[in-house]
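Here is a briefing on a multi-chain model.

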Amino acid sequence: MSINDFLTMRHELILASLVLIVLIIDLNLKKSQKTRIIPIAISMFFIHTVVGFLPAQTGVLFGGMYHTEALTILMKNILNVGVFIILLQSSTWLRKEENREKISEFFILLLSTLVGMNFMISSGDFLMLYLGLELATIPMAALASYTHHQERSAEAGIKLILSSALSSGILLFGLSLIYGSTGSIYFDTVGQLYANTPMQVLAFIFFFTGMGFKISLVPFHLWTADVYEGSPVNVTSYFSVISKGASVFILIMVMFTVFHSIAFLWKDIVYLIAITTMVIGNLFALRQKNMKRFLAFSSIAQAGFIMLGILGGNKIGMTATVYFVLVYIFSNLGAFGVVSAISARTGKESMDDYDGLYATNPKLSLLMTLSMFSLAGIPPIAGFFGKFFLFTSAASGGYYWLVFIAVLNATISLYYYLLVVKAMFINKNDSPIAFFKSDLTTRIALMICAIGIFVIGFWSQVYEFIDSVTFAIRN
Amino acid sequence: MVAAWHHNKILFGIEFLVAGLTAFYMFRLYYNIFWGKATHYHHTPHEAPFVMTIPLMVLAFGAMFSGFLPFHALVTSDGLPFEAHIDWSVAIPSVLIGVLGIAIATLMYRKTTDLPSKMANAFGASYKWAYHKFYMDEVYLFVTRKIIFAHISTPVAWFDRHIVDGFMNLVARTVENTSMSIKGMQSGRIQQYGYVFVTGAIALVLIFVYLW
Amino acid sequence: MNILSLFVLIPVLTVIAILFTSNMKQTRIVSAIGMGFQLILAGVLVYLYLTERQAGNTAAMLFYYDAVWFPTLNIHYTLGVDGISVAMIALTAVVVFAGIFASWMVDFLYREFFISLILLATGVFGFFISLDLFTMFLFYEVAVIPMYLLIGIWGSGPKEYSAMKLTLMLMAGSALLFVAILGIYFYSAPAGSALTFNLLEISKHTIPIEMQRFLFPFAFVGFGILGALFPFHTWSPDGHASAPTAVSMLHAGVLMKLGGYGAFRVAIYLMPEAAHEQAWIFLILTTISVVYGAFGAIVQKDLKYINAYSSVSHCGLVLFAILMMNQTAMNGAVIQMISHGLMTALFFALIGMIYGRTHTRLINEMGGLMKVIPFLGVVYVIAGLASLGLPGLSGFVAEMTIFVGSFQHTDVFHRVCTIVATSSIVITAVYILRVVGILLLGPIKNDHYLHLTDAVWYERLSTLTLLLSIAAIGMAPLWLSDMINFSLGPIIEKISGITTVAGLF
C-alpha cells in the first residue's frame, strides 16, 4: 500500500485514528479530568473537517471494493460539517454530572459510526457496503441507550438493535440474491448484468427496504419515533441528520449506478414510497407535542421529499438531493441545537414548554423560527431553494401530480412548523423557560447553523459546486 | 308642448293635463300657506333676512322674464334654431287649463271648507295611493330589506360562513382527525414494527414482481 | 446600480436599521424615513419611466437588468418594469407609507412589528419588479409569510385561527402556482435550446397546447386564491377581520393585487391559448365572486367584514376584467387594482382609527360619529363614494372602463356575465350607504362617544396620502391609463391574436 493509497482513504484513516487517540487519551485521564476530552476531541475533529476540504486523491482501492471520487469526498465533507456541529452542540450536555464517566464513549461510538458511513459512501461492492452499514448501525444502538439509567433510553437502544437486525437480515438476503443471480458483488459488474427478472426485482426491493429503514421511509419507519424520543437529544439529531443523510447519499448513488437498468421500475417504487412517506410523516407530525418526536416525524416527511430528487433520475435530481441534505443538515441541526440547549438546561422537551419563549430567549426563538421556516421551505432562506430544486427535478421527469402532492404536503408541514413558531411568539405562558446564556460551543454551533441557513440558499456557488460533481443515471 | 303637439298627440294630452295639475297644486300650496287661518307656531313668523330674499328676488325675476330669452336659438340639438311660432291652437287651451287649475284650487282652498276632504273621499283609493306616493318608497324598502337583505344577502352570508368556509375547515379538520385516528399505528411494540416492516416489503414485492 | 434593485434594497436596509433602534420612537421614525424614501423613489420611477417613453423608448420592459444566479438551471435575477408594474409599484409605495403611519401607535413588540411589515413590503416590491418566474415566486412567498406573525401576534379576535387559515390557504395557492411555474419552465423553450424562467423569453415561445390546458388552471387558481377567487376566498374575511390595521391595509390594498397581477402576467400572458379555452369557467367563478361578495357585504355587522367582502367583490372584478382579454377591460383591471388598493387601504385605515376610538367595530353599536369625529367621517364618506364608483373618484374610472371593455364582447355569454357583474355596482351602493347612514349619521348611541377626539397628525397624514391619490386618479385618469395602455398594447396583441380553438359559446 503506497502513500497515495493512504491519501485516497484519508477520511476513513484519520477518523479511525481519531477514535484510537480519544481512547488512549481517555485511558490516561483521571476521573476528575474526564471533561478535558471534550475540547480535545472537538478540536481534533475540527482539524479533520478542515483537512477533508483539502484537495484529495481520487481512485480505486482493493480491487474495486473501495473508490473515491469528487462526489464521495463532497458527501463525506458534508457529513463532517454536520457531525462537527453536533459535537459542538453536545458539549454542554456531556459536561453534566451523570455523563462525566462516559464522555469518551460518546466520541468513540459516534466517530465509529461515521467511519462506517464513510466506508459505505466509498464502497465499490456490496460487501463493503454491508460492512459499512453494520459498522454504522451497531454503535448507534449503543449511542441510543447512552443514558442507560433512563428507561426510555435503554428502550430506544434495544428497539433500534432489534429493528435494524431485522432490516439488515432482509437487506442481506437481497444482497445474496443479487450475488446469486449475477455472480458478482462488484457494483460495476452487477450494474452491467442487472435485468428485470423477478428474482432481481425481488433482490432490489429487499435492498431498498434495508436502505429505507435507515432513511426511515414509510412503512419501514416505525422505529424512528420511539428511538428518536428515547435517545439523548444530540444522538437524536445525529440519527435524523447524519445517519439519514449518509443513507440517502448511498441509496442515490447505488440506484443511479448499479440499478440503472431497472430505473423504470424503481421509479414507480420510489413514487409510491415518496407519497406514503410524505403523507404519513406529516399526519403523524401534526399532533406531536414532544419536540424530539415532532422532529422525528417531520424528518420522515422530509425523507419523503428527498425521494423526489431520486425519482428525477437525472443530474438535477442528484444535485438537488445532495444540496437538500446539506440544507437539511443546517436547518434540522438549528432546530435540534435549540432543543438540545433547552433540554440540557431545563430538561424540558415538550412543545408546551416553549410557550412564550420569545419573551425570555429571543435569540434561541429566532433561530428556531429560522430553522422551522427553512424546514418548511419558506424563502428566502435555504430550505426554499432545497425544496425548489428537489421538486424541479421531479417535474423534469414529468411527475407534475407528484410535485403537486409534495407541495401540498409541504403546506401541511408548514402548519405544524408554524405551531412551534406560534408557541414561541404568540402563546401566553405564566412560567416560561427563564432566560439563560448558552456556553460558547453551543453558541458557535447555533451561529454556524444560522449562517448556513441564510447563506447556502443565496449563494448559488454551493449549488453549482455540487452540480459539478454529480451525475445522472449511468449506463 | 308645441313639439309634443306636432309629434305625438297622446303625449300632448298628458302634458296638457299635467299643466293643469301643476297650476292646481301650486295654488293649493299658496292658499294653504299664505291664506286661511293663522296656526300657532313655536316661533313667530317673520320676514326672511336679505340673504334669503335677494336670491329669491333674482330667481323670481328670472322666472318672470326668462321666457323672453331667445332660447330656441341658443339651445338646439342640431345647431339650427328651433323655429316655433305661436300656435294658437296650443297656446289658448294651455293657458285655459292653467287658469282652470287655479280656479279649482281657489274654489277648494281659498277658504277652509270641507270640499277637499269630500273630494278625497270621492276619489277614495286613488287619493290614498297618491297620498302615499303610490307606495314607491315602501316598494323600494321592501325590495331592499325583505328581498335583498333577508332573502339574498343573509343566505349568501350564511352560505359563505357555513358551506364554503365550512368546507375549508372540514378539509383541515379531516386532516387533523386522520392524524388522530392513525396514532394507534405507532404502538410502541417492536413486534408490530417488525410485522409492518415485513408486510411492507412483501407488499412491494407482490406489487412490483407480480402485478407490474 | 439599477434603480429597481433599490426597491428591494431600501426595505432590507430599513429592516437592518430597525434592528439597531432602541425605542419605539426611533423605530417608527426609521420606518417612516425608509418608506418615505421608498415613496419618493416610486415617484422618481414614474417620472423616469414617463420620460423614457416620451423619448421614444419602445422596449417592452424598461430599466432591464439581468444577472445569472443559478447557471445550471438558468435561473436569473431579472428585473424590468412596464407601465403596469410601475403603476403597481407606485400603489405599493403609497399604501406602505400610509400603513406605517396608520400603525404609529403599535407599542407591543414594535420593532418586530415594523420589521415584519416592511419585510412583507419587500416581498411585494420584489414581486412587481421581477421578470424571472423563480424570483417572482420567491418574492411572492416572502410576502405571504410575515402575514402569519403579523396577524397572529398583533391581531385581534380569533387571531391564531385566522392567521393559520390565511397562511395555509395562501400557501396552498402557492402550491398550485409552484406546479404551474415548473411546468412552464420545462416547456419554456423549443426542444434543444436552454430552458428559462424569463417571462419575456417564454412569451416568445408557444407552450404546447396540451401542457397549457393542464397548467393554466394551476396558475390561474394559484394566483386566484390570493385574488380572492370564489370559492377560495374564505381566508379573506377572517384574515382581514383579525389583522391589525396596517396589515389589513397592506393585505387588501397590495397583497391581493399580486393575485390579479400574477394571473395576468403569468397565467394569461404565457398561456393565452388555454386562457381562451378555459376563460368561461373562470368567468363564471369571477362573476359569482363579484356579485356574491357584494351581497355578502350587505348584512355584515362588523366593519372589517363588510370591507373584506367588498374586497372579494372588487378583486373579483379585477380577475373578471382580466379574463375579458381585451385592451379596454384589461386597462380597467389595472386601474381597478390601483383604485381598489388605495380605497380599501383607506377604508381599513379608517376602520382602525375608528376602532381605536370606539373600541368596537360593530356598526349597530355606533352612530352619529360624523358629529364627533368629522374629519374621519368625511374621509369615510369620500372613500365610500369612491368605492361605489362615483364619477370624479378612482372607482368610477376603473369600473366604467371594465364594463365598457367587457361589453365589447358581443356574444351572449360575455354579455350576461357583464350584466350580472354590473349589478354589483348597485349592491355596492346599498352596503356603502347603509354603513355611512348607520355609522356616521343618526343619533349618537353611546355617551362615551361624545368625548372622542378627531384624527391626529399621523392619522391625517396616512389618510390624506391615500385620499389624494384616489382623487388624483379620479380627476386625471388619462396619464395612468395611457401608461398602462402603452404596455398593454403588445400584450393584448399576443393574447388576442389567438382564435379560440374550442369556444363553448
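In this predicted model, chain A brings 24 residues to its contact with chain C, and chain C brings 25. On the chain A side, α18(A) gives the largest share, with eleven residues. Chain C also touches chain B, with ten residues of chain C meeting twelve of chain B.

**Chain A against chain C**

- Three elements of chain A each give two or more residues to the side that touches chain C: α17 (382–396), α18 (400–425) and α20 (460–469).
- By class, the chain A side has 17 nonpolar, four polar and three charged residues.

**Chain C against chain B**

- Ten residues of chain C are in contact with twelve residues of chain B.
- Helix α12 of chain C, residues 272–298, supplies four residues, the largest share of the chain C side.
- That side of chain C holds seven nonpolar and three polar residues, and no charged ones.

**Chain C overall**

- Chain C has 20 helices and two strands.
- Its C-alpha atoms fill a box of roughly 75 × 55 × 45 Å along the principal axes.
- Among contacts in chain C with a separation of 6 or more, 80% join residues 24 or more positions apart.

**The α13–α14 pair in chain C**

- Helix α13(C), residues 303–324, packs on helix α14(C), residues 327–358, at an angle of about 170 degrees.
- The two axes are 8 Å apart.
- Angles over 145 degrees count as roughly antiparallel, so α13(C) is roughly antiparallel to α14(C).
- From α13(C), the contact includes L303(C), N307(C), S311(C), H314(C), L317(C), V318(C) and A321(C).
- From α14(C), the contacting residues include M330(C), A333(C), M337(C), H340(C), T344(C), F347(C) and F348(C).
- The residues of this helix contact divide into 14 nonpolar, seven polar and one charged.

**Helix α14(C) by itself**

- The end C-alpha atoms of α14(C) are 45 Å apart, which agrees with the 46 Å that its 32 residues should span at 1.5 Å a residue.
- Of those 32 residues, 30 are buried, so α14(C) is largely enclosed by the rest of the structure.
- Just after α14(C), H359(C) takes a positive phi of about 60 degrees.

**Helix α5 in chain A**

- Helix α5(A) covers residues 103–122, which is 20 residues.
- From its first C-alpha to its last, α5(A) reaches 29 Å, close to the 28 Å expected at 1.5 Å a residue.
- Helix α5(A) is mostly covered, with 19 of its 20 residues buried.

**Chain B**

- Chain B has nine helices and zero strands.
- Along the sequence, the pattern of chain B reads α-α-α-α-α-α-α-α-α.
- Of the 212 residues in chain B, 8% are buried.
- Among contacts in chain B with a separation of 6 or more, 70% are between residues 24 or more positions apart.

Terms used
Residues numbered from 1 in each chain as written. Chains lettered and ligands numbered in written order. Predicted model: local features only at pLDDT ≥ 70, side-chain atom pairs only at ≥ 80, totals over all residues. Contact = placed C-beta atoms within 7 Å. Nonpolar A, V, L, I, M, F, W, Y, C, P; charged D, E, K, R; others polar. Buried ≥ 20, exposed ≤ 12 C-beta atoms within 10 Å, placed from the backbone. Axes fitted to C-alpha atoms, helices over the stretch in contact; angles between N-to-C directions. Parallel < 35°, antiparallel > 145°, perpendicular 65-115°, else oblique. Expected span 1.5 Å × (residues − 1).
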